[in-house]
Structure formats: structure tokens, C-alpha cells
Amino acid sequence: MAVDALTTPTLAVPRARAWFISWWGLVRWSLTRHKYLLPAFTAVQALFAVAIVYGLALMIPDVDHEAARYLSSGAWTLGIIAVGCVLAPQIMSTSKQEGLLDYQKTLPVPRSAILLADAVVWSLAALPGIAVGMLAAFLRFGLEIHIDLFTIAAVLGAQFTAVSIGYAIALWLPISATSLATQVIMIGGLLFSPITFPADRLPDWAVILHQFLPFAPLGDTIREATFRTGEDQLLNVIVVAVWAGTAYLAAYLALRKRK
Amino acid sequence: MTGAIPGSEALSLDQVTKTYKRAAVAANRAISLTFRPGELVALIGHNGAGKTTLLSQIIGTVKPTSGDIRYGTSSLVAAPDLARRIASMMPQMHAPLTGVTPLQAITSIARLRGLPAPDANRTALDLIDSLGISEWKDTHGEKLSGGLRRLTSYAMAVAAPPPVLLVDEPTNDVDPVRRPLVWRHLRRLADDGHTVVVVTHNLLEVQRAADRYVLLQNGSVLVDSTPRQLAQRARTATLTVSVRPGTEIPSLPSAATHAVDEDGHLTLDLEPAQIPGAIEWVLHLVATGIADSYALAPASLESLYEGITNGR
């Protein structure tokens, strides 16, 4: 079985493929893997949005226009946080546990494509929930909701930020710590972040803290994008952009890291 | 799908050492090897000998502490993205198949490796057929047995195969009928010009298929040998005698070494000159009813392995 260099066929090295083609291949694989979970997830997200709009309104006897705007935009923002900072890291943790992530790292695909394939799938799956939440807000409170390119950009930007934070958590923390961190984020986001209520109900120190954490600025930009009350969003956009960039970079570096 | 980099280069490892963080000892120590196109190389050694670490460094998921890995003149340590294009790897723990069927999984990987959809589907079906798993091609991964998952994982690694194939324990859990199919397929890939590096503990199968054996022990290369070199090194034969329980063996023939296992089998390692005397002796044992049966065979890779590693 000695190898003869003269008769051994010559093989060429596969060329690097375009980023989008690799990404699309991973998206297709992700859609195939999650084909049963995705519709269920979309339905749950829609129910979640409706439950917040209708359920939280029950706790407030007289819902004025401002409270209605907070409850409505809060429902969509919490949906985005739930997908990005809870679901996405849990799915990434499962991938780590099952060896899928390590396997994907051996494939000839860019690390950023691995990062963005699942992120886009789950973010898109969450969009119907946000749309249903908007419909629920319109039906429950009769609010005028702006839906244009600015709204879409705000929602997609918020999703990218939340997913990047979630992935950074999942890729840098051990699996057990990831689960704990996502629970803390969800409890903090749901109960103590000025997303479903105005920030002035919190002590001053908490207001300042939330101005530099990502969740309240996310809620503020989405509220402004959908209701156009004229509040300046520059600082919020800067805070969100810094969080998005830092978290994405952290997640990307974690994926590129070699043992 | 092919590019400017010339093909069929040798894969060379130059003084590759890997020590993991917080590890007391090196997983690989100063390993220098060259794998050539068309070669089927068996990487053997005890658990923890550093075989999987070596493959992971070639594919670029583990970075050597020192040393270099080159494909032709290109450093794969400096360019792990190139490593993933020139090599594919079947992981030790089979590829994750949650939510996908073998056909879907193999097709997905073939497409990620650059095949158009119809070609990817055809390749997947051909692989499934050649590995004898057509019956389960549409069964979800969660419902597959360990052996079927491993075969699927193998097919994922060799679908649209790049020049270098790194295959970690491909026949573990696989039934005896399908194991030869895997080895035959690997042999064909090597004959087609691929560099095939297989980690395995199945020495009997390796003996039939590999061009070259690399034995790792404690992270270092202990033996790097072709079957011919190994045969020259192993100028011994093994005589195994099944002794009837409760009987005493009056005497032993001249032999290099001998040993008795727990089941009462007597094993003698014989030099060529010792074989005639040993045969005469064992025929006498059978004729007098002391022995039930015997077998004379050239020294196997397994016995050599035991001898070289001294049972450690």
C-alpha cells in the first residue's frame, strides 16, 4: 500500500466562499434543525406580547395615554430582550453542550456567519410577536402607532443589540452561569427597568444607572420610534450602539478564540 | 469551487507542542510528521495520548503552544481559515444531529462546502447508499443508534471532501458489517489523492487498511512506520494454545517470550528458527489431549502495540 507520488491524483484547495453564501447555508441548516420549534416559539412570543399589553393594564386602574405608550412599547421591548438575552444564549448554550458549536467551528464558514445565522433566524421568528403586540396595543388602547423605516430600523437594531449581549454572555460564561445570568436579566428587565413605566418612578441613582445599561435606552428608542413624542434619543442611541458594538465584538472574539 | 492555491500539498507538522492552560503536562510534545497526499495514516495510541489534540491543531480549533503546521508552504497556525478549507474533521463525539435526518445533515454540510443543491443531494444519497444506511436516511437524529449517528457523522466529514480528511474513531459503535465499508471508503479517498488521517483504537482494521502507522504515547511520537517496516521489526510469530483445564504442561519449547492469560490460553512469541520445534511440541500436546486447539499467526499490530507501549 505504498503511496506513489507520480500516480496520486492532484486535488485543488477549495476557494473561500462569499460570506453571504456561507451565512445562508448556516441559516438553512438552522431552519431545518428548528423547524418544529420555530412556529411554537413565534406563537408564544405573540401570546407574551398580548399578555403584557392586556395583563399589565389590569394592574393599573386608569391607563392614560402615557401609561398606554409605556405598556405597549414595553411589551415589544421585553419580547426583544426575552429573545436576545434569554432565548439566544440558551440556544447557544445548548449548541455548546451538544457539540454543535465546536462542530461548526471546524467548517469552512466565517465566524461572523456562525454568530449571525441563528441570531437572524430567532430575531425574524420574533417579529410576528412584535406585530401582534402592536395590533393588541392598537385594539386595547386605540394608540396611533407609526410603522415606517425608522420603526423597522429601531426594532432590528434593538434585536441585534439584545442578541449580541446574549451571545456574548453565552460564549464567555460557563453553561451554568449563562442560565443564571439570563434569569437575572429577565427579572431585572421585567421588574426593575423603566421599560413598562416612566423612569421618574425610580430613585435618582437607579435612573442614572439605567441610562448606561442597555435595556431602558432600548425601550426609549422603540417607544420614540413608534409613538414620536419628540423626545431626544441621541444619548439612548449612543448607549445602545456602544452596547451592541462591544457585545458583538466580545462574542466574535470568543468564537475566534482557539483553545 | 477550486482556487489559486496549488493542490495536493504535503501536510507537515514541525515540532508541534501543545500544553493546555492549567494542565500539568503537554498534550503534544515536539511532534514532527509529514502526511502526503494519497496516504492513509492511522494515528494510534492510548487514551489521552494526544491524538485528538493533534487533529484539532491541524483543523485550527486548538492553537499550538509552539511549532508550526504547514500545508505546502502555507502556515495553518497563522491562517486557521485556510485550515478549515483544506481539511474537514469528523469529531470524536459524533456530529450533532438534533432535529435533522442523515440526508438533511449530509446535504447541509455538502452545500456549506460548496456543492450546488442537486449535487449535494446526490452526494448525500451516494454516501448513504455506500455506507448501507439508506433505511434510516429520513429518520431524525435523536432516534438513530450510536453506530448510525457515527456513520452519518463520517458521511458529513467526507461529503465534498477537501484535500485533507481528519477522521476521529470512525468505526466505534459501528456494526461489523458496516465497518469494512468505512475503511474501504477511506481507502478510496486516499487513492483519489486525499490525505487521510484516522484516529482509531481498532488495530485489526487498521492493519488491513493503513499505509502508515503513527503511535503516540504521552504526547510524543513513539513509532512512525509503514507496514513493511513494521513487518521487518516484527520478525516474530505468535503461537496461541488452548490448554485443557486442569492439565499440566510438561515442558515448553524454545520461545522468545511466553505468557498464560486468565482463560488458560498459552501464548508464545517465536523467532522464525523456533517455529518448527514449537509446532512439533504443540502437535504432541493435541495428540495427548493436553491441548484442545492452537493457532499460529504472524505477530499482529495489537501484540506489537502492547510490546512497544509495554502495556502502559
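## Strands E6 and E7 of chain B

In chain B of this predicted model, strand E6 runs parallel to strand E7 (residues 164-168), and four bridges join the two. Here strands (E, at least two residues) and helices (H or I, at least four) are DSSP runs numbered from the N terminus, and two strands pair if DSSP finds at least two bridges between them. Within this pair, B:Ser88 stands opposite B:Leu165 of E7(B).

Helix H5 (residues 146-158) of chain B lies across E6 and E7, at about 175 degrees to E6(B). Helix H6 (residues 179-191) of chain B also packs on the sheet: it touches strand E3 (40-45), E7 and strand E8 (195-199), and its direction makes about 150 degrees with that of E8(B). Contact means heavy atoms within 4.5 Å; axes are lines fitted to C-alpha atoms, for helices over the stretch in contact, and angles run from 0 to 180 degrees between N-to-C directions.

Strands of a sheet pair through backbone hydrogen bonds, either parallel or antiparallel. The open sheet that holds E6 and E7 has six strands in the order E6-E7-E8-E3-E9-E10 (chain B), with mixed pairing. Its edge strands are E6 (87-90) and E10 (220-225), each pairing on one side only. From one strand to the next, the twist averages 15 degrees.

## The four-stranded sheet

Chain B also has an open antiparallel sheet of four strands, ordered E12-E13-E11-E14. Strands E12 (257-260) and E14 (291-298) of chain B stand at the edges with a single partner strand each, so one side of each is left without a neighbour in the sheet. The twist here averages 15 degrees from one strand to the next.

Seven bridges link strand E11 (residues 237-243) of chain B to E14(B) in the antiparallel sense, and B:Thr240 has B:Ala295 in E14(B) as its bridge partner. E12(B) is joined to strand E13 (residues 265-270) of chain B by four bridges, also antiparallel, with B:His258 opposite B:Leu268. E12(B) and E13(B) form a hairpin with four residues between them, and B:Gly264 in the turn has a positive phi of about 85 degrees.

## A closer look at B:Ser75

B:Ser75 sits in strand E5 (residues 74-75) of chain B. Its side chain reaches the backbone nitrogen of B:Ala78 at 3.1 Å. Leaving aside neighbours within four places in sequence, B:Ser75 is in contact with B:Asp68, B:Ile69 and B:Arg70.

## Chain A and the largest pocket

Chain A has ten helices and zero strands. Its C-alpha trace spans about 85 × 35 × 30 Å along the principal axes.

The largest pocket contains about 1000 Å³ of space. A pocket is an open set of points on a 1 Å grid over the protein atoms alone, where a 1.4 Å probe fits, with protein on both sides within 12 Å along at least five of seven lines; lining residues have an atom within 4 Å of a point. Grid points are joined across faces, edges and corners, and the volume is the space filled by probe spheres set on them. Of the 38 lining residues, the closest to the centre are A:Asp102, A:Lys105, A:Lys259, B:Thr61 and B:Val62. H4(A) gives the most to the lining, with four residues.

The lining divides into 15 nonpolar, ten polar and 13 charged residues. Ala, Val, Leu, Ile, Met, Phe, Trp, Tyr, Cys and Pro count as nonpolar, Asp, Glu, Lys and Arg as charged, and the others, Gly among them, as polar.

## Conventions

Residues are numbered from 1 along each chain as its sequence is written, chains are lettered from A and ligands numbered from 1 in the order in which they are written, and side-chain values use heavy atoms, leaving out hydrogens and water. Because the model is predicted, local features need pLDDT of at least 70 and side-chain atom pairs count only at pLDDT 80 or more, while totals for chains, interfaces and linings use all residues.

How values were computed. Polar contact = N/O pair within 3.5 Å; in protein donor to acceptor, adjacent residues only side chain to side chain.
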